[in-house]
Amino acid sequence: MNEILFLILIVVIAVIFSNMNTKIRRLEKEISDLKFKINPSSQETIASQKSVIKEETVPKEGDNVTSQNTIPTAPFPVKPQKDWLEPVFDFLKQNILTIIGIFTLVLGIGYFVKYAIDKNWIGETARAGVGLLAGATIMVAGHFLRKNYAVFASIITGGGIAVLYFTITIAFREYHLFTQNTAFAITILITIISIVLAYYYKSEVLIIFAMLGGFSAPLMISTGHSNYLFLFTYLSLLNIGMLAATFLKHWKSVGWTAYIFTSIYLFYWTAEHPDFLSIVFYIINYIIFYIFALQDYIKKNTLSSWNTLMLVLINFSSIIGLVYLFNTLQYEPVIIFPLVFAIVNALLFFREYGKKDLGFSYSIFAALTISLITIAAALQFKTHLITSVWAVEATLLLYIWKKNRHNIFKTCFYVLFPLVIVAQIITWGEYLNVDHMRIVFNPVFLTSLVTIATTIFNLFLLKEIKDPEKQGDSFFETVFAVAGYGIIYFALLLEITYHISDMPWPAIISIGLLFSIYYIFVLLLLRKKLDIDRSIQTALIYIILILIISNASFAASAVVTAVLQKKLTFGFYTMHLLHWIPFAYILWNTAATSDFYKTKISYWAISLALVITISCGFYHTYIVSSVHDISLIYEAKEHFTILYLPIIWTVLASIFIYISLKKNITEYSRIGFVLIGIMALKLYSYDVWQMDNISRITAFIILGVILLLSSFTFQRLKNIIKNIVDKKEENKDHEN
């Protein structure tokens, strides 16, 4: 019953398709007839217009010859540059139904064959025959449709080729109808036929199907026993055929398809079975794809964006594979291929220089040469391969983007730079695994230096190519700047921490905080030259305040304890006070010249940092200088907290109030009165009950005097300000 319904459905579909095809042909005939039914008067008008134009452009005898140059000509509108993905999306929009249809048809044939097998309708040989017949039938259908429906026919033919490949694969793997050599020979024959058809039909879509099948053929007939010599000889021949096709038909997508598959095979072979033969095939494929990248340069003496990207990828991917092989096989010197590739690019660089053509091609070959020499130098110092290569490659992509402004290079840079960060983090993990590395001249830090150098270069490139009209990229550029400064910071911090790891923990923490403070201090000093965004400047000021508070309080407390325990010297304690230099600069310069004081909380943040830093500075200095036995430290702490801390806070509160009156900043007066309130609350609720009589009397007298002097100063300044205001009003009245 099911078979009858299936046949009826096929007949109905055939009838519907026949009727639709008849209607479509009728419409096509009507459209073609309309093209030739042009109004004769329109033809005469067009001819007369042509003759008028011709007469105007030919100068008459006696006329000034230069007058013809004055004829205004309408400029042709400049065609906007399309996004590089637009042709792909256009192709998919126009042919998505065809692609889905042929994919569904191939699946349907496969399921039909499976159903026939399950029902034991046909034997194994017949099954393979049905598959080959179905593939050939689809290809023949595509052949007859090629004149009127070129793209549709190419996809149909490609589907037929896919059916042939899958049929041979199943016949070899499942039914064992062929030997491996026979199956491979048949797949090669199918590939050759596909390439010939593509060339004959002038179809780029079809040759991509052929290349996909050609590169998939070794996987289809693989038995698990790898014969790499035969495999890569076959792939090299296939790539040479690709190279010929691209030069004849300028089909760049074919070359990119071949590069992707070849790279996958080569990298897998390199990781699975590294040997000397791999080096030979890396060189062969480097030559093939380098020539492919230069096809426009050879024909037109220009480099397109995709050619440039291929130059970058083939140079750097080949270096990664070759240097990995040299390191694994312990060959020397590892820098030979980076230098050889640099010489190849240098030859083209000098060719451009000799022509005095310092254009885009000149810049690309110069950048490639410098990048490859940089990698060679980095590898000579035993840096980590992937991190160094990716860092230099990212910088090269950004430089090319600066030169031609094609977004493909910017996109590649944004994709590659996060990978550089990940690779650098993995490289930093070596600090935990390796002991007794040399200062600076160790593989980890030398790799970090390569990343630092490229990051600094990237920051300056982004500064130069910043476009105020394109605000959409500002977010990514800000993120990149923050990430770049972070890489430099962590690279230096981890190197310092590694080499002081034998010191006590308080010393390590204090040195780390001091380095962090001075690193941000240097960024703020160079903020104009580095063109640091104002929002980042404000964030850096908040971060440095937090670090200063941490160093002056928690870290200093640990340092004081270590000094009293004789683990550190008093000289180290004085060194930790170096945070006062950046803090003084923040107080008097940077905070005032940025957007830091736009919010009220900024006044509270910097005041809090000042109060904590001064209080902790006096406190820890008192402890270190007065305590000689660590068992007496508690008594010294209590004495300072009860007697001296209220005095310090009162003085600071008075200073805040004075600044508020002098500069008319009301927020400082609030801070001063809040600090006095906290001090008074602490004094009357706790300190008084902990003092002896003499200390209590002394504290009250000194505190009272300070408060009275502060109040007197406050009232005096208030009167002075009032008198100044009154005089200004009198002068205004007198003038009126």
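Visitor: Is Lys566 buried or exposed?

Guide: Lys566 is exposed, because its relative accessible area is 71% and the cut-off for exposed is over 50%. Please note that the model is predicted.

Visitor: And where does Lys566 lie?

Guide: Lys566 lies in the loop between α21 (534-564) and α22 (570-576). Although Lys566 is not a glycine, its phi is positive, at about 65 degrees.

Visitor: Let me step back. How many helices and strands are there in the chain?

Guide: The protein chain has 27 helices and 0 strands. It comprises 736 residues, of which 42% count as buried. Among contacts with a separation of 6 or more, 72% come from residues 24 or more positions apart.

Visitor: Now α12 and α13. At what angle do they pack?

Guide: Helix α12 (residues 305-329) and helix α13 (residues 336-354) pack at about 155 degrees, and their axes are 9 Å apart. Angles over 145 degrees count as roughly antiparallel, and α12 and α13 are therefore roughly antiparallel to each other. The crossing of α12 past α13 is right-handed.

Visitor: Which residues meet there?

Guide: From α12 come Asn315, Ser318, Ile319, Leu322, Val323 and Phe326, and these meet Ile336, Phe337, Pro338, Phe341 and Asn345 of α13. By class, this contact has 8 nonpolar, 3 polar and no charged residues.

Visitor: What about the loop between those two helices, say Gln330?

Guide: Gln330 is placed in the loop between α12 and α13. Its phi is positive, about 60 degrees, although Gln330 is not a glycine. Gln330 counts as exposed because its relative accessibility is 70%. Pro333 lies in the loop between α12 and α13 as well. A cis peptide bond, with omega about -10 degrees, joins Glu332 to Pro333.

Visitor: Which residues of α13 are buried?

Guide: The buried residues of α13 are Phe337, Pro338, Phe341, Ala342, Asn345, Ala346, Leu348, Phe349 and Glu352.

Visitor: Why do residues three or four places apart point the same way?

Guide: An α-helix has 3.6 residues a turn, so residues three or four places apart point the same way.

Visitor: And what do the buried residues of α13 pack against?

Guide: They pack against α10 (276-293), α11 (295-300), α12 and α14 (360-380).

Visitor: Lastly, how many residues has α13, and what follows it?

Guide: α13 has 19 residues and reaches 26 Å from its first C-alpha to its last, close to the 27 Å expected at 1.5 Å a residue. α13 is followed by Lys356, which has a positive phi near 60 degrees.

Definitions and conventions:
Residues numbered from 1 in each chain as written. Predicted model: local features only at pLDDT ≥ 70, side-chain atom pairs only at ≥ 80, totals over all residues. Heavy atoms only, no water. Axes fitted to C-alpha atoms, helices over the stretch in contact; angles between N-to-C directions. Helix = DSSP H or I, 4+ residues; strand = E, 2+ residues; numbered from the N terminus. Parallel < 35°, antiparallel > 145°, perpendicular 65-115°, else oblique. Left-handed = near helix turned anticlockwise from the far one by under 90°. Contact = heavy atoms within 4.5 Å. Nonpolar A, V, L, I, M, F, W, Y, C, P; charged D, E, K, R; others polar. Expected span 1.5 Å × (residues − 1). Buried < 20%, exposed > 50% of the residue type's maximum accessible area, 1.4 Å probe, protein only.
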